[in-house]
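Visitor: I would like to go through this model with the definitions in hand. Could you take me from the surface to the rings and the sheet?

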Amino acid sequence: MLGCRGSRISHHFRECDLHFHLPTTFRFGYSGLQPQSFQLSFPCLLKPCWGGLTTIVANHNRVQSRSCCSATPPKPRGEIPLLFNSLSQQEDEREMISDGVSSVAGYLHLNSDDEHGGIVALGKFDALHIGHRELAIQASRAGPPFLLSFVGMAKVLGWEPRPPIVATCDRKRVLSSWVSYCCNMVPEEFHVEFSSVRHLSPQQFVEKLSKELRVRGVVAGENYRFGYKAAGDALELIKLCEEYGMEAYIIKSVMDKNSANVTSSSNPKERGQVSSTRVREALAVGDMAYVSELLGRQHRLILKATNQERFAVEQHKVSAPKSCLLNLAPKEGLYEKCSLLLGQENVVQCRVVIDKKFVHVETDYDGGLSDIFGAPNSQFLPIEFGDSRT
């Protein structure tokens with residue numbers, strides 16, 4: 001029986017956690033994404049709350065469905081669960097960079113209730129959007145959830161550097177906000193250097209997961225590709241995991257119900273699913289309501305002051321140069337209904353103006369912005385965007 005496990009608190013600490021306590025409240029700016037009240041209890045193997053479990057036989061000759069409403073019968077040899085029900089769709093919807101695979105393997109082993117390691121969700125996890133959250137949800141149904149992705153791809157592949165959608169120091173907060181979806185567990189995040197896996201064939205990649213990382217099972221989206229030149233697909237992943245004695249859970253993509261908001265996608269692999277590409281495109285046109293819908297939360301922008309670049313503070317205004325940005329800002333323009341985060345509990349309504357060189361935050365707050373952001377030890381300026389459109 002695989003049900004929800006007990007709570008697990010992240011042990012990772014980041015620079016902005018140590019210097020600025022960011023609120024942990026899970027905030028939804030899109031009314032259709034308000035969480036609904038339901039019990040995350042799954043008495044059967046990865047049982048969806050509303051329906052059955054679909055399994056796929058490893059030889060791919062037949063696909064059979066069966067209900068999980070009663071006790072799960074013994075799983076025939078060669079069968080791997082294939083989940084095509086998406087919790088996010090039904091709802092309407094720390095970072096630790098490993099110095100080597102041994103530390104990942106050790107942590108997965110020590111923090112899993114199974115002697116063979118944990119269940120990892122595979123992906124890039126740039127935006128931590130609702131599709132990524134769905135992977136974490138499914139992983140949590142089989143055990144403590146882990147997110148495993150690869151860093152250094154841009155450098156290795158010669159891509160143009162670009163800012164992250166979620167600031168590195170803010171990822172822990174976002175993952176912690178998923179706890180109510182993930183059986184009261186906070187997903188742990190691990191990164192492996194892309195250069196260490198780039199030339200691996202699909203089989204070598206799965207072998208590495210099994211033997212070096214000691215992974216017990218994987219969760220991936222139906223469009224997941226892996227191995228050298230992305231030669232492996234979801235069916236190949238199922239087959240190889242079966243050969244290495246691992247579970248493979250493949251989930252259907254969370255589809256973007258408002259795909260008309262994106263006029264064109266630069267990614268030819270886009271088929272209407274929620275993706276980091278869509279989040280970037282929505283930010284590029286300043287559609288913050290759409291961004292909130294894709295992320296399942298309001299977009300948080302974080303700026304960090306340095307010895308060379310300080311915040312300029314007036315009575316009701318804080319300005320920061322764009323060089324202080326830690327993550328991707330929306331397009332230039334005026335944004336109403338934003339929030340300036342002054343501490344763990346203090347949230348002040350504001351409006352944000354972004355121009356070519358600066359981010360300006362304007363508010364009616366009379367509590368003394370200069371005392372907060374003008375102090376020498378004031379490093380971070382966190383802004384949360386409402387659902388306005390510039």
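Guide: Accessible areas here come from the Shrake-Rupley method with a 1.4 Å probe. On that basis the protein exposes about 17500 Å². Carbon and sulfur atoms supply 50% of that area. Keep in mind that this is a predicted model.

Visitor: What share of the 390 residues is buried?

Guide: Buried residues make up 55% of them. The secondary structure comes to 11 helices and 16 strands.

Visitor: Why is tyrosine 335 called buried?

Guide: Buried means under 20% relative accessible area. Tyrosine 335 has 0%, so it is buried. Phenylalanine 385 is at 1%, so it too counts as buried.

Visitor: What makes the pair of tyrosine 335 and phenylalanine 385 edge-to-face?

Guide: Two values decide. Ring centres must lie within 6.5 Å, and planes over 60 degrees apart count as edge-to-face. Here the centres are 5.4 Å apart and the planes stand at 90 degrees, so the pair is edge-to-face.

Visitor: Where in the chain do tyrosine 335 and phenylalanine 385 sit?

Guide: Tyrosine 335 is in strand β13, residues 333-341. Phenylalanine 385 is in the segment after β16 (380-384).

Visitor: How many aromatic pairs does the whole structure hold?

Guide: The search finds 5. One of them joins phenylalanine 205 and phenylalanine 226.

Visitor: Why is the pair of phenylalanine 205 and phenylalanine 226 called tilted?

Guide: Planes under 30 degrees apart count as stacked, over 60 as edge-to-face, and the rest as tilted. This pair has 40 degrees between the planes and 5.5 Å centre to centre, so it is tilted. Phenylalanine 205 lies in helix α7, while phenylalanine 226 lies in the loop between β8 (217-221) and α8 (234-243). They are 21 residues apart. Both phenylalanine 205 and phenylalanine 226 are buried. They also belong to one aromatic cluster with Phe150 and Tyr224.

Visitor: Which other residues of helix α7 are buried, besides Phe205?

Guide: Helix α7 covers residues 202-212, and its buried residues include Pro202, Val206 and Leu209. Arginine 214 follows α7.

Visitor: Is alanine 234 buried or exposed?

Guide: Its relative accessibility is 11%, under the 20% limit, so alanine 234 counts as buried. Alanine 234 is in helix α8. Its C-alpha atom is 6.0 Å from that of tyrosine 224, which is 10 residues away along the chain.

Visitor: How do you know that arginine 133 lies over the face of tyrosine 181?

Guide: The distance limit for a charge over a ring is 6 Å from the ring centre. Arginine 133 is at 4.1 Å from the ring centre of tyrosine 181, and it lies over the face.

Visitor: Which residues form the nonpolar patch on the surface?

Guide: Val156, Leu157 and Trp159 form it, with about 240 Å² of accessible area together. Leucine 157 lies in helix α5, residues 153-157. At 33% relative accessibility it counts as partly exposed. Patch residues need over 30%, so leucine 157 passes that cut-off.

Visitor: Which strand forms a hairpin with β13?

Guide: β14 does, with 5 residues between the two strands. They pair in the antiparallel sense over 7 bridges. Leucine 340 stands opposite valine 348 in β14. β13 also pairs with β16, over 2 bridges. In that pairing serine 339 stands opposite glutamate 384.

Notes. Residues numbered from 1 in each chain as written. Predicted model: local features only at pLDDT ≥ 70, side-chain atom pairs only at ≥ 80, totals over all residues. Heavy atoms only, no water. Buried < 20%, exposed > 50% of the residue type's maximum accessible area, 1.4 Å probe, protein only. Helix = DSSP H or I, 4+ residues; strand = E, 2+ residues; numbered from the N terminus. Phe/Tyr/Trp six-rings, centres within 6.5 Å; stacked < 30°, edge-to-face > 60°. Lys NZ or Arg CZ within 6 Å of the ring centre and 35° of its normal. Patch = residues over 30% accessible without salt bridge, like charges linked within 9 Å, V, L, I, M, F, W, Y side chains within 5 Å. Salt bridge = Lys/Arg side-chain N within 4 Å of Asp/Glu carboxyl O. Pairing = 2+ DSSP bridges.
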